[in-house]
Amino acid sequence: MSGAHFAFTDRWGGVSAAPYEELNLGGAVGDDPDAVRTNRELAAKTLGLDPALVVWMNQVHGDGVAEVDGPWGERPVPEVDAIVTTRRQLALAVLTADCTPVLLADPVAGVAAAAHAGRPGMVAGVVPAAVEAMVKLGAEPSRIVARTGPAVCGRCYEVPDAMRAEVAAVEPAAYAETSWGTPAVDVTAGVHAQLERLGVHDREQSPVCTRESQDHFSYRRDRTTGRLAGYVWLD
């Protein structure tokens with residue numbers, strides 16, 4: 001899409017040691033802070049971004065959205081699961097290791113957003129909240145381009161039957177079954193169903209399941225592990 005850029009990392013090309021090898025971008029998982037800082041600089045520069053113009057969140061599995069117009073600087077990083085901006089060249093970043101990273105952009109209106117949609121956030125409606133914040137800034141759902149990145153798939157995200165029922169009561173599209181026949185949740189399917197209802201039709205989904213891919217971090221597979229990142233920015 002002209003004017004909008006989307007990128008998702010894998011685990012390679014960084015400096016972190018096991019169990020975070022190599023390109024861990026999460027600063028709250030126990031990794032060496034210097035390694036994380038170096039990894040974030042490497043990832044940004046690889047994408048042609050200024051590392052100082054990448055905005056991160058303090059993700060809490062909720063539905064909070066913050067509007068940003070620049071780096072946080074000395075301000076505390078807010079506890080939100082979506083950020084939205086109208087500032088071009090400002091990259092919005094979301095961290096995941098099984099949850100669904102959601103990148104959104106309306107290049108015509110000049111509005112972009114990044115959201116962290118785990119099971120709780122998807123149920124809480126973080127993605128609709130992000131779209132609503134974009135619309136308030138001039139975006140139109142029919143123009144919004146949506147990209148979801150590597151995440152645990154419905155065939156691998158086993159949950160108790162009661163939890164599946166609770167999730168499906170909110171978002172029926174998230175009802176799933178594992179490849180071994182037990183109850184599961186498909187968060188990405190739920191996110192795409194929400195976007196479809198909101199009128200966001202230009203959507204693409206990564207084929208990568210983080211639990212199945214050794215090239216990606218997976219909390220459900222490894223527990224102690226790094227974090228991937230998704231980035232969205234506008235020219």
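Is Glu171 buried or exposed in this structure? With a relative accessible area of 2%, Glu171 is buried, where buried means under 20% relative accessible area, exposed over 50% and partly exposed in between (1.4 Å probe, protein chains only).

This is a predicted model, in which local features need pLDDT of at least 70 and side-chain atom pairs count only at pLDDT 80 or more, while totals for chains, interfaces and linings use all residues. Residues are numbered from 1 along each chain as its sequence is written, and side-chain values use heavy atoms, with hydrogens and water left out.

**Salt bridges**

Across the whole structure, a search finds twelve salt bridges, each being a side-chain nitrogen of Lys or Arg within 4 Å of a carboxyl oxygen of Asp or Glu. Among them are the following pairs.

| Pair | Closest N to O distance |
|---|---|
| Arg197 and Glu171 | 2.4 Å |
| Arg155 and Glu212 | 3.4 Å |

Arg155 is partly exposed at 45% relative accessibility, and Glu212 is likewise partly exposed, with a relative accessible area of 45%. Arg197, the partner of Glu171, is exposed at 57%. Salt bridges also link Asp106, Glu140 and Arg143 in a network.

**Cysteines**

With a disulfide taken as a pair of cysteine sulfur atoms within 2.5 Å, the count comes to zero. Cys156 is in no disulfide, the nearest cysteine sulfur being that of Cys153 at 3.8 Å, and Cys209 is also in none, with the sulfur of Cys153 nearest at 3.6 Å. Cys156 counts as buried at 4% relative accessibility, and Cys209 counts as buried at 4%.
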